[in-house]
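Please study the sequence and the structure shown here before working through the solutions.

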Amino acid sequence: MIDLHMHSNFSDGSLSPTELVEEARSLGLTAIALTDHDTIDGVPEFLEAGERLGVTTVPGVEISVDTKLPNNGHMHMLGLFIDPTSQTLKSTLDYLREQRNLRAEKIIRKLNELGIPITLEELLEEAGEGSIGRPHVAKILVRKGVVASIQEAFDIYLAKGKPAYMDKVKLNEVDAIQMIHDAGGLAILAHPHLMNYPTFEEAKARILQLREIGLDGFEIYYSTMPREYSEGLIQLAKEMGFATSGGSDYHGANKDDIQMGRGLGDLMVPDELYVELKKFWETRTAQKIAVGK
Ligand code: AMP
Ligand code: ZN
Ligand code: FE
Ligand code: FE
């Protein structure tokens, strides 16, 4: 069993990269990927722990894409097998994180206007060195007794359309894919069902458009992905030669219904998927070298 989508405390997960690897080892996972939002700063520690503890670790990142989608849908792009030393990747991510900080200030202001006492200092402390996200805000609201749970914080204040929601600055899909490719990674569409297209056929059409601008593949397994959706995506990947990935989107205690590896309980991403994905990446990398890119 493997898990190629998880967050550490370098973004909005609760465990450190080392703790993620330790947890993976105790669960018997053979390969895992760290995919923090807008940062690769946790990757060196993650790779080092993987080596030390004998778990295969994949360097990754998760980027939110600015695009038009129906029904409040969202598009997230994973970069897998990215080069953790890439300076261009780092500087773009630094910019995105600065923008997250500015957005965090605006969220705080909105909450204050709603009469909720929360300060930027508290938020910065909650997020630590990491990429600030709404789950950090939610955690503080729970701690202060403003809401009963992280989910309630989203449902009442933080989700899209709620009074303290603020959009964040995002890359468009061309730039997101380009950035991942420039850093030597595969561009993998995360949780395609969350684009919220009313039908699978529409999601498929969108995926085929993304391929025109370089999409390499997509997740076929994910905690909340309906089985028929997985099956449709597996078929599409086979027909069109897409790379496939899968993972739980583990956030530790910050999303306590999701378990590493097992998702909501019935997730099972097979080992072969890592082997195939790695092969895909190696072939892609060899092709790039051959054409001198
Ligand atoms: P941010 O990066 O600040 O936009 O926050 C994104 C994180 O918030 C993701 O990891 C999601 O898991 C979580 N999140 C976003 N929307 C919701 C929601 N409606 N309910 C619960 N969690 C959410
Ligand atoms: Zn997250
Ligand atoms: Fe995501
Ligand atoms: Fe994620």
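Donors are N, O and S atoms within 2.8 Å of the metal (3.2 Å for Na, K and Ca); water is not among the atoms, so sites may look incomplete. The model is predicted, with local features needing pLDDT of at least 70 and side-chain atom pairs pLDDT 80 or more, whereas totals for chains, interfaces and linings use all residues. Residues are numbered from 1 along each chain as its sequence is written, chains are lettered from A and ligands numbered from 1 in the order in which they are written, and side-chain values use heavy atoms, without hydrogens and water.

**Exercise 1.** Determine which residues are the protein donors of the iron ion (ligand 4) and how they are spaced in sequence.

Solution. Step 1: the donors are His5 (NE2), His7 (NE2), Glu62 (OE) and Asp249 (OD), at 2.1 to 2.3 Å from the ion. Step 2: their spacing in sequence is H-x1-H-x54-E-x186-D. Step 3: Glu62 belongs to strand S3 and Asp249 to the loop between strand S7 (243–247) and helix H10 (271–290), so this pair ties together parts 187 residues apart in sequence. Strands (E, at least two residues) and helices (H or I, at least four) are DSSP runs, numbered from the N terminus. Step 4: the zinc ion (ligand 2) is 4.7 Å from the iron ion (ligand 4).

**Exercise 2.** Identify the residue that bridges the iron ion (ligand 3) and the iron ion (ligand 4), and describe the site of ligand 3.

Solution. Step 1: Glu62 is the bridge, and the two ions lie 3.5 Å apart. Step 3: His76 is in strand S4 (residues 75–80) and His191 in the loop between strand S5 (186–189) and helix H8 (200–212), 115 residues apart. Step 4: His76 is buried at 13% relative accessibility, and His191 is buried at 2%. Buried means under 20% relative accessible area, exposed over 50% and partly exposed in between (1.4 Å probe, protein chains only).

**Exercise 3.** State where Ser86 lies and whether Ser86 is buried or exposed.

Solution. Step 1: Ser86 is in the loop between S4 and H3. Step 2: with 9% relative accessibility, Ser86 counts as buried. Step 3: a polar atom of the Ser86 side chain lies 3.1 Å from the backbone nitrogen of Leu89.

Key: A polar contact is a pair of N or O atoms within 3.5 Å; within protein, one must be able to donate a hydrogen and the other to accept it, and residues adjacent in sequence count only if both atoms are side-chain atoms.
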